[in-house]
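Dear colleague,

Please find below the sequence and structure for your review. My notes on what was found follow directly after them.

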Amino acid sequence: MADSYQPEASETLGRDSMTLTQHVLRQLDSFGPDAQDLSAIMNRIAFAAKLVSRRLTRAGLVEDALGFTGRKNVQGESVKKMDMYANDVFISVFQQSGLVCRLVSEEMDDIFHLTESCSTSRYTLLYDPIDGSSNVDINLNVGSIFALRCQQGDNTDQSGADLLTPGHQQLAAGYILYGPSTVFVYSLGKGVHSFTLDPSLGEFILASENIQIPQHGSNYSVNEGNFWQWEDPFRDYIRYMHRHEGYSSRYSGALVGDFHRILMQGGVFLYPGTIKQPQGKLRLLYESAPLAFLAAQAGGRAIVGDRQPVLDLQPDHIHMRTPLIIGSTEDVALVESFLQERSLEQPPIPASSSSV
Ligand code: P6P
């Protein structure tokens, strides 16, 4: 009998054929129904990403793709047409899929039930469809952020109370960065992995596995325009940055882009509480917690304040905001040291005093 065919071991072919779907199954080391469901969910998120990426790359040419809708979301923020398009894309790719029962989005006040799927799925997808939408009309990078949770208890409970649990309950998290290339980064709790969209194939191809955040990086990323609104420890930290060699300020106005830089090069991103938003601006369930999950998987840290890990925080509602300090262990620790000095020396300054 002729020898059985042995495919030539090609690294390039191996990489190019390692699609996101296959990678998820390899991560789970299973072809069982649960693994197939998670693989299919990731594949649907990737399809949503392709649709959003296509819209963004043609936004300037497509009638009515840019600008504002005239609506405000639950956060009181003006909603851009791209926000709504991307939000609806995520709904449409999961409708009639049987994969996800509930959607939680920055753009929707309440939990959105895909009722046709709730008899077969216990998964909830929480997402920020377009993060950094102020960048959309000026062709700068934006992103989508997502987290996946499994419903606890009776799935006829419409209250969503089971979602108000710490970020450790997340099953998976990730983001898509729409930049010069479209990059999909995810973790199932087994390391952080990135894929790059090959438009000629229409597939996300494996780029990096088991990404680790350097323990230190030179970048610090913060909107210094809020300096007058911060409590002293953050002002003291920024003064330290200004007076010591070896630091660079990088801030894009889109959390996903700023976090991706830190994931790859190290450093720290921070969005402290301000006078106007004492609880911070970023949303816990679909911005801070997913990125904190990734940071932890990549050997980094994410805190909301002095020794308060993001992943330990108990949400009190689905759109809860928190301060965020996230990135390299050494750089987060440096910020924390200013917070600890503060907590040791004196009571917090009343927010009314804004002298610089
Ligand atoms: P500011 C975008 O609206 C966002 O939620 C994050 O992507 C970004 O890091 C932050 O807000 C920017 O906020 O106040 O600096 O414009």
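Predicted model: local features only at pLDDT ≥ 70, side-chain atom pairs only at ≥ 80, totals over all residues.

Leaving aside neighbours within four places in sequence, Gln-212 makes contact with Leu-263, Gln-297, Ala-298 and Gly-299. Thr-124 is 88 residues from Gln-212 in sequence, and the two C-alpha atoms are 27 Å apart.

**Domains**

The chain is divided into domain 1, residues 13-208, and domain 2, residues 219-339. Domain 1 gives 48 residues to the contact and domain 2 gives 31 residues. The C-alpha centres of the two domains are 23 Å apart.

**The second largest pocket**

The second largest pocket holds about 470 Å³ of space. Its lining counts 27 residues, and those closest to the pocket centre are Gly-132, Ser-133, Ser-134, Gly-253 and Lys-281. Two or more lining residues come from each of strand S2 (78-80), strand S5 (123-131), helix H6 (255-265), strand S13 (268-271) and strand S14 (282-283). Which element gives the most to this lining? It is S5, with three residues. Sorted by class, the lining has eleven charged, eight polar and eight nonpolar residues. Domain 1 (13-208) and domain 2 (219-339) each supply at least three residues to the lining of this pocket.

Helix H6, one of the elements in that lining, is mostly covered, with eight of its eleven residues buried. The buried residues in H6 are Leu-255, Val-256, Gly-257, Asp-258, Phe-259, His-260, Ile-262 and Leu-263. After H6 comes Gly-266, with a positive phi near 90 degrees.

**Cavities**

How many cavities of 30 Å³ or more does a search of the whole structure find? The search finds three. The largest cavity contains about 40 Å³ of space. Its lining is made by Arg-149, Cys-150, Gln-152, Asp-162, Leu-163, Thr-165 and Gln-169. By class, these are three polar, two nonpolar and two charged residues.

Leu-148 is part of strand S6, residues 142-150. Its relative accessibility is 2%, under the 20% limit, and Leu-148 therefore counts as buried. Not counting residues up to four places away in sequence, Leu-148 touches Leu-38, Ile-41, Tyr-123, Thr-124, Leu-125, Gln-170, Leu-171 and Ala-172. Leu-103 is 45 residues from Leu-148 in sequence, with a C-alpha to C-alpha distance of 9.6 Å.

Ser-187 lies in strand S8, which spans residues 182-187. Is Ser-187 buried or exposed? Ser-187 is buried, because its relative accessible area is 0%. A polar atom of the Ser-187 side chain lies 2.9 Å from the backbone nitrogen of Gly-189. With residues up to four places away in sequence left out, Ser-187 touches Leu-171, Ala-172, Ala-173, Val-192, Phe-293, Leu-294 and Gln-297.

Ser-288 is found in helix H7, residues 284-297. Ser-288 counts as buried because its relative accessibility is 0%. Its contacts, again not counting residues up to four places away in sequence, are Leu-282, Arg-283, Val-310, Thr-322 and Leu-324.

**Two loop residues with positive phi**

Gln-96 sits in the loop between helix H4 (81-94) and strand S3 (102-105). Although Gln-96 is a residue other than glycine, its phi is positive, near 55 degrees. With a relative accessible area of 69%, over the 50% limit, Gln-96 is exposed.

Arg-307 occupies the loop between strand S15 (301-305) and strand S16 (308-309). Arg-307 is not a glycine, yet its phi is positive at about 55 degrees. Arg-307 counts as exposed because its relative accessibility is 55%.

With kind regards

Key:
Residues numbered from 1 in each chain as written. Heavy atoms only, no water. Helix = DSSP H or I, 4+ residues; strand = E, 2+ residues; numbered from the N terminus. Buried < 20%, exposed > 50% of the residue type's maximum accessible area, 1.4 Å probe, protein only. Polar contact = N/O pair within 3.5 Å; in protein donor to acceptor, adjacent residues only side chain to side chain. Contact = heavy atoms within 4.5 Å. 1 Å grid on protein atoms, 1.4 Å probe; cavity = no way out; pocket = protein on both sides within 12 Å on 5 of 7 lines; lining within 4 Å. Points joined across faces, edges and corners; volume = space filled by probe spheres on them. Nonpolar A, V, L, I, M, F, W, Y, C, P; charged D, E, K, R; others polar. Domains from an automatic or database assignment.
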